[in-house]
Amino acid sequence: MGINSLVSPFDAIIFDLDDTLYPSTTGIDRCVKRNIELFLIEKCGFSESKAAHLRVELFKTYGSTLAGLRALGYDITAEEYHSFVHGRLPYDSIKPDVQLRNLLCTIKQRKIVFTNSDRIHAMRALDRLGISDCFEQIICFETINPNLPNSTRPDEFPVLLKPSLDAFRIALDAANVEPRRTLFLDDSVRNIAAGKRKWGLQTVLVGKTVKSKEANYAVEFVNNVAQAIPEIWANKMEYKDETITRTKSELESALAIALVGA
Ligand SMILES: [Mg+2]
């Protein structure tokens, strides 16, 4: 894939949120894990030692602790779970990211967030970063689990999350994108693999310097996409009634602006 044609291969860019649009060094992820264990102890009655083990096992088997608990018959609502697990997070540790905001502003394609997190958490994190207005659409837990509030018993509807086939189907339908012309960024190797293998998305593994098998690209930080994937900025420009293709120097100027902020 090159920029010889000067036409971007991407019509849309889908970003995961946690550990993708902000780095894991904020400590938020560590706090989420601890809060999940406290939920298992305080709300479900498990011992401290059992809770840590169970959190990992439920994630591996069901995709999340909430999904696992409901599948096992625990009558826990998503709202109750999310308000406990996310409600007490140290959001102050997510700092405004002006470089990221500038970078996103130079990307003319449709920009969409696709996260397993609930909408309240997604909006709080995006607001802290100062980028909530940079996205056309936020696809979150509520989007991919529309029937959950109507369930009459906990195992009536399985909780859907990335990397499940159904979660991607609902999200890609909601986003209305052509997967092969869509760039998908996520820090999870499992999500990248599902997006690539099952849906044909173009994939970027975030937070790693080495690509996983199904990743087209790897970037240590989301801000590094300017250097790693300049094809994003190759584009056609509309001018009066005719479509003209950007010249190489115009493209280089656009990239230089993006790189300043990266
Ligand atoms: Mg993530």
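1. Helices here are DSSP runs of at least four residues, numbered from the N terminus. The model is predicted. With that naming, the lining of the largest pocket can be assigned to elements. Helix H1 (28-42), helix H2 (48-62), helix H3 (65-71), helix H4 (78-87) and helix H9 (189-197) each give at least two residues to that lining. H1 supplies the largest share, five residues.

2. Next, the pocket itself. The volume of the largest pocket is about 900 Å³. Its lining counts 36 residues. Asp29, Val32, Phe59, Gly63 and Asn116 lie nearest the centre. By class, the lining residues split into 14 nonpolar, eleven polar and eleven charged.

3. Which domains supply the lining of the largest pocket? Domain 1 (1-22 + 96-254) and domain 2 (26-93) each contribute at least three residues. The structure holds twelve salt bridges. In one of them, the side chains of Arg101 and Asp133 meet at 2.7 Å, N to O. Arg101 sits in helix H5 (residues 98-106), and Asp133 in the loop between helix H6 (119-129) and strand E3 (137-139), so the pair ties together parts 32 residues apart in sequence. Arg101 has 28% relative accessibility and counts as partly exposed. Asp133 has 56% and counts as exposed; the cut-off for exposed is over 50%.

4. Arg110 and Glu136 also meet in a salt bridge, again given as 2.7 Å, N to O. Arg110 belongs to strand E2 (residues 110-114), and Glu136 to the loop between H6 and E3. The two are 26 residues apart, and the pair links distant parts of the chain. Arg110 is partly exposed, at 27% relative accessibility.

5. Asp186 lies in strand E4 (residues 182-186) and Lys162 in the loop between helix H7 (141-144) and helix H8 (165-175), so the pair ties together parts 24 residues apart in sequence.

6. Salt bridges can also share partners. Arg34, Glu37, Glu48 and Arg55 are joined into one network that way.

7. Asp186 leads on to strand E5. Its bridge partner in E5 is Leu205. E4 and E5 run parallel, joined by four bridges. Five of the five residues of E5 (residues 202-206) are buried, so the strand is largely enclosed by the rest of the structure. Which way do the residues of E5 point? Gln202, Val204 and Val206 point one way, Thr203 and Leu205 the other way. All are buried.

8. Last, Pro90. This residue is in the loop between H4 and H5. At 34% relative accessibility, Pro90 counts as partly exposed. Pro90 and Cys31 are 59 residues apart in sequence, yet 8.0 Å apart in space, C-alpha to C-alpha.

Terms used
Residues are numbered from 1 along each chain as its sequence is written. This is a predicted model: local features need pLDDT of at least 70, side-chain atom pairs count only at pLDDT 80 or more; totals for chains, interfaces and linings use all residues. Side-chain values use heavy atoms; hydrogens and water are left out. On a 1 Å grid over the protein atoms alone, a cavity is a set of points where a 1.4 Å probe fits but cannot get out, and a pocket is an open set with protein on both sides within 12 Å along at least five of seven lines; lining residues have an atom within 4 Å of a point. Grid points are joined across faces, edges and corners, and a volume is the space filled by probe spheres set on the points. Ala, Val, Leu, Ile, Met, Phe, Trp, Tyr, Cys and Pro count as nonpolar, Asp, Glu, Lys and Arg as charged, and the others, Gly among them, as polar. Domain bounds come from an automatic or database domain assignment. A salt bridge is a side-chain nitrogen of Lys or Arg within 4 Å of a carboxyl oxygen of Asp or Glu. Buried means under 20% relative accessible area, exposed over 50%, partly exposed in between (1.4 Å probe, protein chains only). Two strands pair if DSSP finds at least two bridges between them.
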